[in-house]
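Hi everyone, thanks for coming. Let me put the structure up on the screen, and then we'll walk around it together.

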Amino acid sequence: MVTDETIVANELNNHFGSVFSKHNLVRAQRNYRSELHLPLETINITSHGVMRLLASIDPKKSPGPDNIPNVFLKNFKVPISKYFALIFNYSLRSCQIPNDWKCANVSPLFKSGSDSRLSVSNYRPISLTPQICKTLEHIVCREIISFVENNNLLTNVQHAYRRNFSTVTQLVELYHGLAVHYDKSIQVDAVFLDFSKAFDKVPHQKLLAKMALLGINIFIV
């Protein structure tokens, strides 16, 4: 049992860092970019769009490591939105973001159903990042999702993280398929795969390479 706060923080930090992928090399790949669609156009962020996002901020949530209160961003959305729009557009053009936006307050969250609170493996990290950086991420994410959906780059069996698709729609489709085969007395075999730390182990460089082949060239470092 460890009680020293510094040692506890270091142990949790070492565990959280150990699960991430260490592979950063990109293998040579064929250029299979589809000629059926144009690449994603440069995102043009307007002050009006930024203002609408700032207006939707929950003022009760804690600020990020920059210590800028959400209530400030919400209440002064009109005068500051034009400056944030300039910063956002410059970040997209230069493929860089301010170093302060890369900082996060990481808190360990105990996994429900786990056996012991004394094991670091039973905790997962929750990162609290600057709200204004999350606003830019929201804009970029929305543009990418619209691009892949408008160009039919996602398979119809992809139900998670899509508009009008969820785990509920996936279960309904699965249940319907099982019922149809059951009525016809057809055998059904199901295989369930669970990837441990799937999101943490995705090599970022390979992910960016895949996106580039699809015509998405938004690389912010």
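F84, F88 and W101 form one aromatic cluster. By pairing I mean rings of Phe, Tyr and Trp (for Trp, its six-membered ring) whose centres lie within 6.5 Å; planes under 30 degrees apart count as stacked, over 60 as edge-to-face and the rest as tilted. Before going on, please keep in mind that this is a predicted model, where local features need pLDDT of at least 70, side-chain atom pairs count only at pLDDT 80 or more, and totals for chains, interfaces and linings use all residues. Residues are numbered from 1 along each chain as its sequence is written, and side-chain values use heavy atoms, with hydrogens and water left out.

How many aromatic pairs are there in the whole structure? The search finds four. Take F88 and W101: their ring centres are 5.9 Å apart and their planes sit at 70°, so this pair is edge-to-face. F88 belongs to helix α4 (residues 77-94), while W101 is in the loop between α4 and β1 (105-110), so the pair ties together parts that are 13 residues apart in sequence. A quick word on naming: helices (H or I, at least four residues) and strands (E, at least two) are DSSP runs, numbered from the N terminus.

F88 has 0% relative accessibility, so it counts as buried. W101 has 11%, so it is buried as well.

Another edge-to-face pair is made by F110 and Y123, at 5.4 Å centre to centre with 65° between the planes. It links distant parts of the chain, with F110 in strand β1 and Y123 in strand β2, 13 residues apart. Both F110 and Y123 are buried.

For contrast, look at F192, in the loop between α6 and α7. Its relative accessibility is 73%, so F192 counts as exposed. F192 and K206 are 14 residues apart in sequence and 25 Å apart in space, C-alpha to C-alpha.

A pocket here is an open set of points on a 1 Å grid over the protein atoms alone, where a 1.4 Å probe fits, with protein on both sides within 12 Å along at least five of seven lines; lining residues have an atom within 4 Å of a point. Volume is the space filled by probe spheres set on those points, which are joined across faces, edges and corners.

The largest pocket holds about 2400 Å³ of space. Two or more lining residues come from each of α1 (5-18), β2 (123-128), α5 (131-150) and α7 (204-213). Which element gives the most? That is α5, with eight residues. In total 41 residues line this pocket, and E137, F199, H204, L207 and M211 lie nearest its centre. The lining divides into 29 nonpolar, seven polar and five charged residues.

The second largest pocket has about 230 Å³ of space. Here α1 gives the most, with three residues. Our buried Y123 turns up again in this lining, which also includes M1, V8 and R117.

Terms used:
Nonpolar A, V, L, I, M, F, W, Y, C, P; charged D, E, K, R; others polar. Buried < 20%, exposed > 50% of the residue type's maximum accessible area, 1.4 Å probe, protein only.
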